Every structure is written in C-alpha cells, then in structure tokens.
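Please consult the sequence and the coordinates while reading.

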Amino acid sequence: MPTLKINGTSIAAESNQTILEAARSSGIEIPTLCWYPKLAVVGNCRICVVDVKGSDKLLPACATKVADGMEVTTESDRAIDARRGVLEFLLERYPGEHLSNGGREKPANEFEEYVVRYGVIPKPRTLDLRGGDERPGDPMIRHDMSLCILCTRCVRACEDIQVVGVLDVAYRGEHAQIVVGNDGDADRAACTWCGECVRVCPTGAIFEVMPWKTYGKARVEADHVARSVCPYCGVGCQIDLHVKDNTVVRVTSPSFEEDTPNYGSTCVKGRFGYDFTQHRDRLTKPLIRKGWEREGTRWVWKGPGGTARRDGPWRTMADEGAQDKPSAPPRAQGKRIRDLPLLDRITMDVRDRATTPADWYQPFREATWDEALDLAAHELGRIHAAHGGDAMAVFQSAKCTNEENYLLQRLFRARFGTNNIDHCTRLCHSTSVSAMQAALNTAAASGSMREVETAADVIFIAGANTTETHPVFGAALKRAHERGAFLIVADPRQHELARRADIHLQMQPGTDVALYGAMVQHILAEGLEDKAFIAARTHNVDAVRQAVQAYTPEKAQAITGVPAHLIRAAAEHYARGPNTSTLWAMGLTQHLTGHDMVTSILNLILATGMIGRWGAAMMPVRGQNNVQGSSDMGGIPFVYPDYQPVQDLEVRAKFATTWGVDPERLSTIPGLKVTEMAREGSPTRGLFIMGENPIISDPDIAHAEAWFRGVEFLAVQDLFLTETARYADVVLPGGSFAEKDGTFVNTERRIQLAHKAIDPPGDARADWEILVDLSERCGLPTPFTHPGQIMEEIRRVAPSWAGVRYERLDGTGGLQYPVPADDHPGTDFLFPDEFPTADGKATFHPVEYAPPSELPSDEYPYVMNTGRQLYHWHTGTMTRRSQGLDAREPIATVEIHPDDAIELGVTDGDQVKLTSRRNAITISVRISDRVARKQVFVPFHFREAAANLLTSPVLEPHAKMPALKICAVRIEPVAVLATT
C-alpha cells in the first residue's frame, strides 16, 4: 500500500486509487465538476487539478494514480488560479450575474458554491445559448439548459449507471449542448424518468418537479431530512425524505459511497412516487359500517340482516370490468398513448378512476379510535369464543414493517390460537419457498445483488423482467453485462434484458420444466457437472439423472419452441461459469407447476455447484419492499418468526413464555393459506387484513369479491378505502412508510432501518401503534411504546436476528441475516460449506414436465400473461395516486404482437374486449413485439381493467399458488362489437 502526503497529512492508499479517491477516503475535499462517483473518469474540466511535488504542471486529481512518497498540495496558489480560470470560462455559459455583487445568502447549487468560494466575478454573457423550461408540462423532470455548463455528468450517468443512453452531446465549440435522443423526445429515446440526471447535475439545468413546488433553480430548505427505505420493490433502496411543514417535498438518495443496496441510485417510483402520502384519498379517521351500534359493552348489528350488510349501491368489479365501453377517453383512440402530449395524459379523465369513488364512503360513518378498536376487539373475540381459532384468519402485509408484522401474527397466535396467518408471498414466491425448503431447507436468497453485479461470470435470469419490476437491480445487471458477464434470459417475452441477452431462451409459456430439464440432461451427458460438489454436498442425483434422460435438447425444442442448439449453448455457458448466478421471479413461480419449475432450477444449480461462493448467487427476486421480512416475521401459516415450525413443541414453549400465555393456547396445526382462506367452504368467519388488497390481487376476482362481501366480520387496516376495504365492517387508517419508524428486509436478506419523517394525516396512526392498542383490548399484554422495543423481543425469539439492534442499523447500509450475535457483521452469502439440513447436504428432486392447466382453444386462442409495469406497482393503490407516475402510464393496455393486431384489425389505442372462461374486461391496445404471436400481456394495476377478473382460481398443489401466468382468452375489437 503506497503512502503519500496530502496537504502535509500522511495517508495510506490503495495502489489503484487516484489522488482524488485517496483524498476523499481521508475526508480531504478536492473540488470536482465533471467527476462523480461511479462515472467513467474523463478529466476534462480540470477544476480538480492539484500540485504534486516534482511535477512541472498541475495534475488532475481524478485521473492521476497515487504513488509511494507522493506529496500533494490541493490548494496551492497556482491550483487556485487554475480553478478560477476554469470557473470564469464556464460562467460564459451560465447566467451568474446575480453572483457578481457578493452573491446570494446561500449559493443555489454546487457550481455556484465553487464560484463564491473562489471569489470569481461573473461577466456579462455574450454567447447566445438556450434558455427556459424545455419540457413544459412534464410532471417529474424538466430542463433549463441556460444553466448547463457541459460537465457531461448527466450524459455519463445515463450511460454508465443506468445503461440507457438517453442523453448525448451535440454540435461543436460554443454551440455544443446536451440533447435528448435525436429529436428531443424523451419517450422515443427510452427515458425511464429515473432521475439519475437530476441527481448528478451540479447546476440545476435538469431539475425535478412536483405538483406543489419546483426544485433546481431555487433550493428549498427542508425542516429536516429523514433516512427511509423505498416503499415499492424488494431491492430495498435507501432514500432521504426532505420534509417541510410536515410534508415530504422531495426525495433524494444517499451518496454513491454509502454502503446501501442502491449505491445512491433510485428508479422513477422511488424518486418521484411518494406524493401518494399526501393524496386526497388518504383515510384520516376510523370508519365503521352504518348499522353497527354499541350497547353497553356489546356491539350489535342493527342494519340489514346477515351478510347483506355489505351490499351497497356501487357496481362490483365484475360489473365494471365486463362493460363494453372504452377504458380511455376518445382522444386516445387510434393513437399510441405515449404519443399524446404529456399535459393531455395528466388531465385525462381516467386519472380519477384511481381515486376512491364517492359512493364507496356512503355505507360508513366516521368513528373514534375507541369505537373502532372496541368493535374490532369485540367481534374478533365473539367469533373466537363461538367458533374457535379455525374461524379466525389474518392477511399480513408485505408493505408494513417487520415489527408490525411480528405484532399481528403475535396477536392472532397468542390470543386467538390460530395459524391461519399468511400474506401476499402466497401469490408471488410461495412455490419458491416450497421447492427450496424441500431441496435446501431454506427459503431465502443465498447471495447479494452487488456480487451478481461485480463477480458473476454468467447471469441466468428466468421469468423476471428486472429492469421494469426492480429497476435499480436491473441497471446493475446491465452494468454487469457491460463489464463482460454472459447473460442468459429464459422468458416468453422479449423485454429489455431479453433483447440484451447473449442467449434468449424464448419458450412457450409454462414449458420451463422441459427447458431446464434439457439443460441438466445436456450438462450430465457432456460431463460438465461438478462431480466433487455433487458427491460431497448432495443426495439423490441419480434419480434426477434418470428423470432428465429423456429430455434431450431436441425433445425440449418440440415442447418449448426453443432451438436445441440454443439450449445446448445455454447449458454449457451455465455449467462452465466459472461463477454463475441464478435469478428468478414470478414468471417462474405463478404456474400450476411452479413448484416443479423452481425445483428444476435448483437441480440445475446443484448439478453445477453454482452456490455457496461469491459470484454464484441463488436469488429468488422478491416482489414487494418487505415480502421477505413479512415471511421472516412469521407471516406464513406453518412457521413462527425465523421459520421455526409451529409443530415443534420446544419452539412453541419458547414463544408462549415470551408472549406470556399458556403453551396449550398456541396451535400446532399449520394454518390456511391466503388462497384457501377466501374460498367457498372456508371456515373463516373473522378476518383481519393489514395493508393488502386481495380483491385486486387474487385470481378470479368476481368469486373473491363475493367471498369478501360475505365473510362474517372483516376489519381492514390501510391507507385508503381500497377495493377490499369497501366491504369491511371497520376500517382503521394506518400510516405510510414515511410516517413511522421500523425495519424492512430486502431481497438479499438485508435488514434496514427507516425513520419517521412526517406525522400521519388527521387521526391516522402508525400501524404498530394500532396493533399495540388492539392487542391490549383483546386481552394480550403488549407493552411496547416504540418499534425498537419490539425488535428487542424479536431478537430474543429469532436466532438469526439475535445480533440485530437499532443502534447497529442506524446510519448504515443494514445487516444481512443471519446475524447471530451482537458483534457479528452479518452474512453476505450463504452455504459456503454446508446447507441447513440435518446432514448439511442438499437433495435433488426429479420432476416431470406437465402441460399448463389451461390451454388455448378455438374459442380462446390467445394466451394471456399478467405482471407489473415500470411506472406502477402491485394493485396500483399507491402509484396510481402519484401524479407523475399516473401521468406516465394513465390507462390499462394489453400488449399484442403486430401481426396479431393486423389480423384483428386494431391499432394502438383501440379498445378490445378480452374474454376468458370466467369473465371479460375492456382495455386499450398497445402493439408490441415484446410478446410472441398468439400471446398477450396485461398488467394487474388497473381496477377498471382488472386482469385478475380473467385468471384461473386453480391452485398449485404444494404451495397453493394460483396459476396467474397462463390464461386462455379471446380478443374482440370493441368497434366491431358495437356494430354487431
């Protein structure tokens, strides 16, 4: 390690560091403009020049490597003179006249800070440069290029970090300028509105916009800034919430140099999708359905009899979805939605469909917290007393904190003696859990996102559109590919990563088992398996060897449609690695054979030994921001927190002691899963839902909606009166991610602390506070006054979390569990030597290919796939109440292949009716070659075109996962229907 002196201070540096990196790591500032962390070094602004003893000329600190014995002076007279010269030159492009008489009280941006610091006096500009708002109406990002100094940070950030390349430098000399694409149209240039350019711009030439304020030109001083965790996907990006007058007015991200999962980046949702917290639809008071009245200590229903109390004047989801009417205003028809002027998108009347209809509130009256919680406690207690624990059930939340999920399962297990506890993991990765438990006795990712980016030689992605569903991780995968990682994508759609892939295995939907079986068959046939790993660390390989023998690449080609030579090439690259990381998501799991599909992937991993070392990560990419933590905290019907079996009597005794109840009260019978609770014949009578909207996310919505309307007592705790909450007996207004302290777990097992930034609106309360109060009213002592105290109890009962304390999480990038002791640093990758099984070995499981449960026919000739889009999330509850996000994607669209569109006689913006064997929806067309012929894709974010009205309720046998990815439909143009 070379030692150098900077301003007289001795510093030990890494041999590959630059002077700038060595200085920054030691807390010594050197000014920079063109340089920025994670960007390629260009060294063209020369504001970072320093004096190096023995050198006749000034050297750029950003581009000069350190050397042993080097002596550096950062603020020498000639370095300062050089900086002043650079700043004077740049001011010829910048409207800095306001700085000439002493400047403002505070400089407005990074560039102005340097101008003021070095006492540079601006001169009148002579260049005829651009000026003004160049993207009027954009609800998120605008440009004022009169402020641009051509540092090119934005260009390189778009290329180097996001790997998109929307921006470029055009023209020469004094006419040089930053341009968007070839024609200034950000849409056609494939901009994703991630805000990376906003983040790196040192002048505010590219600035962010929110409905109530514009930032960039004038700095807004926040009252305070709170570190939090993004409320959307499982990447778990840390973000900083800037608060003024109890309102989140801006979101920024931590420094690139902080050890956070996002390394300073965000996606469009993380940076701009927070204004839902201030939406007019926020619930501010508890609601009780009219007809419930308190008589002394009892509550009685005096409204319409029986389950009819949930009937209302509104139309049901099935009624709304089946209408033969456009789901977009007439001006959108016949045009690409994204070709509409942005102001038109913002003002389109379909925006209001995301808000809560006024008549949804009519069956309710506002109530006090005492009334609402008393009613909930009374009815839950009454049903339990009359019908026992089997009649009780709870939907936990992948959006709420670990502490809140822990409290809710604690209440229902300890007070009501039921394990009927589940959450939305049932609809995303439950088949991953069942397959991984069978093979490895674990259900969490083995590795880290950063190891995939930096160390994987081959990246295999199955059924995951990562650049849209997990954009920050998607950008990391693109960077990995740019550095040379070989990319293999297995997916029926040709999304961005599939287009970039070195090999795209575009199989027929639902044929994954045959595809991965053929890869294993080829690897074994060619002797490419890791024989030492198999012998030392696995069981039952011969059963798999025999099972895949018939699945030659040629046979797989006949089943999947993937050419045999591509299957062979993919298998060989996968096996030869030397470090192959394997990722998958809901495209693999949401099938009737999802368990078998994941098992096939695990067989591939085990056959090649691609697990248990840095760069060979096994990663089921989790969906929502805390779906991993909700599972870790016991939001699953067969385990306590930290995956401790409910049947284990010693485990039961431990939890009973901690919770202060008789062990006999805790059931040893695994409970019902979400997809079993809300079904005809279910014993569930009393249901509590926290932060979930199953009427939109469950399959076959019409039947799900009918069931929820008929359950005996329904309590919903949420931010909005959702499609599910409209049928509740009592609605409890909870707090958003910005309104509470607590922890979340991301897709790589990283536990992160979020701080409260603002108070909830009106009488709304943080969810943990509601649950503490409700638990006490139900008779379960719950003596917590802060989430940190809840974490202390979690530490005592969850061995993998024993070393997790708020003090260790605060101001850090978090800890990856297992963290078994207070001094343990966390675990960045798992299974280097053994698996968590009785003998430390994993088990191969043979599987046979079976066709999908629902195939197309003459009547229903198309296969419909469902999933997420970049600008929305899950059931749209939050994103469709964010003005910028909703403006980017205001209406539901169905992706149809161009040749199918010609055959159907439709074009972009036309309305079509999609009909399955269960129901129908009307939706706008988006022509796209991302889908194959006779396949269509429908997002499930839009209630006015709810995809799950169409999907099948048939459940996968192991994990009870619905088959959401394959649904046979027919397509009819609405214009044709109207004339027949």
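A salt bridge is a side-chain nitrogen of Lys or Arg within 4 Å of a carboxyl oxygen of Asp or Glu. The model discussed here is predicted.

Q: Which residue meets Arg117 in a salt bridge?
A: The N to O separation in this pair is 3.1 Å, and the cut-off is 4 Å. Arg117 lies in helix H3, and its partner is in the loop between helix H1 and strand E3, 88 residues apart. The partner of Arg117 is Glu29.

Q: Is Lys53 buried or exposed?
A: Lys53 forms a salt bridge with Glu71, the closest N and O atoms being 3.9 Å apart. The pair links the loop between E3 and strand E4 to strand E5. The relative accessible area of Lys53 is 64%, and exposed means over 50%. Lys53 is therefore exposed.

Q: How many salt bridges does a search of the whole structure find?
A: The pairs Arg117 and Glu29, Lys53 and Glu71, and Glu404 and Lys740 are among them. The search of the whole structure finds 60.

Q: In which helix is Thr589 found?
A: Thr589 is buried, with a relative accessible area of 0%. Its contacts include Cys428, Trp584 and Met961. Thr589 belongs to the helix spanning residues 586-589, H21.

Technical notes:
Residues numbered from 1 in each chain as written. Predicted model: local features only at pLDDT ≥ 70, side-chain atom pairs only at ≥ 80, totals over all residues. Heavy atoms only, no water. Helix = DSSP H or I, 4+ residues; strand = E, 2+ residues; numbered from the N terminus. Buried < 20%, exposed > 50% of the residue type's maximum accessible area, 1.4 Å probe, protein only. Contact = heavy atoms within 4.5 Å. Lists of a residue's contacts leave out its neighbours within four places in sequence.
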